[in-house]
Amino acid sequence: MRGGGAVAATVVFLQFLLWALTLPSCFGGNVRHDHRGLVIAGKRRVLVSGSIHYMRSTPQMWPDLLQKSKDGGLDVIQTFVFWNLHEPVRGQAEMRRFTAKIVNMMKQENLYASQGGPIILSQYHGGTNFGRTSGGPFITTSYDYDSPIDEYGLLRQPKWGHLKDVHKAIKLCEAALVARDPETTSLGSNLEATVYKTESGVCAAFLANVDSRSEATVNFNGNSYHLPAWSVSILPDCKTVVLNTAKNYGAYFDKKGAGVTGPVQLKGLRNGSTVDLSSQQWTYQIGLRGEELALSSGTSSLWVSQPTLPKDQPLVWYKAWINGQSIGRYWPKYTAPDSGCTDSCNYRGSFSPSKLYLVAIMFPRSWLQASENVLVLFEEMGGDPEQISLATRETGSICSHILETHPMEVDMWTTDEETRTRAGPTLSLDCPFPNQVISEIKFASFGTPHGTCGSFSHGRCSSEKALSIVQKVIVLTDSVDMIV
């Protein structure tokens, strides 16, 4: 199947909350809040929220980003308004036109746009710092940060699918979550249960194992539950697990300091001396001579053609342009492994920089022409331009791994115990784009396979007919659900 930085100036942020309220009765309804949550049209709601920074993607990408966020279970989408971009000259703001565009987009998507306000939400799409919005030395143009929708606008699996299920599982607990304050009890060392109940007896529970290394089996309400290390099991009825959060993702992202790291020396003077500038005052300069000369277009008469490309010699910058559009800084790789994350990667426990990942330069599809695209690179560190390669980012393979002990699919969860027993866990595969089909099944096993996506192998117990059966059912379809 085919498929960071900060603005180098003072920035005033105005925040819009874009509420994906799908109930028509909520439009124009009364909204209030208390310590338990928001009350919309007289009903308490749990709203799942995420952040999309619109200026870190192109306008052509916005509708698709909104749709994928809604499909992933978001009710609220928040964005910053980067005021320095909309008012480059004092008193000459473009906010009216921009605000109208955002509100109209929300109407087209059947969303509700609220007024701005002070709130911080989880980032759902990172994006890319184009042009001069990327930071100082060693700061990549990417602002991706392993978000559920990557900077290309593609779903990052399994994270996006996992969060989609988490959001659904939380919504199954909504009535109990917003009713009263919870009660938390210890189930052992680093183990606890948090229970929410309504006055009528509706109950939801969250069983947590905050140990970053050891799994555990706990007893809760007379039943036994297995809790992997650093995970939470969600029980919408205080009895049955609908989802456990134990998942690992990603490769690595290098950690490098921002700004001028020094020392700074001026070398190459005519008398052969060196001047130390480290203690001098440093400020940002607005505009660069190269921008005035339009060197980034590739058509300036100042460019000199040579029969061979320069190799391993320092030039000026380390920035890139595609057809005159500034991509920002491309990534000088330092310590991240080419292989990305391996089986030894461990994302359990508290955050640390080693749990970040490596990314590469990205430019939007809308910036490309049908032919004769011009790529301009200003390379400060030296290198071989003949080694530059361009690659498309597309989803070429998908995989899924499920056990008989897994909970049933969140969409199928019901309070009826007999129905839950008959359903069982479901293996689901979906093509990410329209007009795509699954063209080949490379591996299938019903037994005890081991490994990771892309490198599974059969275990001691395996059915010889699994591959042929799966091929017959799945090949040339765009999606499939198989009950295990």
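**Loop residues**

I started with Asn190, which is partly exposed at a relative accessible area of 39%. My cut-offs: buried is under 20% relative accessible area, exposed is over 50%, and partly exposed is in between (1.4 Å probe, protein chains only). This is a predicted model, where local features need pLDDT of at least 70 and side-chain atom pairs count only at pLDDT 80 or more, while totals for chains, interfaces and linings use all residues. Residues are numbered from 1 along each chain as its sequence is written, and side-chain values use heavy atoms, with hydrogens and water left out.

Asn190 sits in the loop between β9 (183-188) and β10 (191-197). Its phi is positive, near 65°, and the residue is not a glycine. For the element names I rely on DSSP runs numbered from the N terminus: helices are H or I with at least four residues, strands are E with at least two.

Next I looked up Glu372, in the loop between β19 (325-329) and β20 (375-378). Here too phi is positive in a residue other than glycine, near 55°. Glu372 counts as exposed, at 71% relative accessibility.

Then a proline: the peptide bond from Gln157 to Pro158 is cis, with omega near 5°. Pro158 is in the loop between β8 and α4 (159-172).

**Whole protein**

I noted eight helices and 22 strands. Of the 484 residues, 37% count as buried. The protein exposes about 28900 Å², and carbon and sulfur atoms supply 52% of that; the areas come from the Shrake-Rupley method with a 1.4 Å probe, and for residues only the protein chains shown count as cover.

**Around β5**

Which strands pair with β5? Strand β5 (residues 49-52) runs parallel to strand β6 (residues 76-82), joined by three bridges, and β5 also pairs in the parallel sense with strand β8 (residues 123-125) over two bridges. Pairing here takes at least two bridges found by DSSP between the two strands.

Ser233 belongs to strand β14 (residues 231-235). Buried or exposed? Ser233 is buried, with a relative accessible area of 2%. Its side chain makes a polar contact of 2.8 Å with the side chain of Asn244 (a pair of N or O atoms within 3.5 Å; within protein, one must be able to donate a hydrogen and the other to accept it, and residues adjacent in sequence count only if both atoms are side-chain atoms). Leaving out residues up to four places away in sequence, Ser233 touches several others, including Phe206, His226 and Val241; contact is heavy atoms within 4.5 Å.

Ala320, in strand β18 (residues 319-322), is buried at 1% relative accessibility.

**Helix α8**

Last, I checked helix α8 (residues 466-474), whose buried residues are Ala466, Val470 and Ile474. Down the axis of α8 these fall within an arc of 40°, so they line one face of the helix; the arc uses directions from the helix axis to the C-beta atoms. Their cover includes β21 (426-430) and β22 (479-483). After α8 comes Leu476, with a positive phi near 75°.
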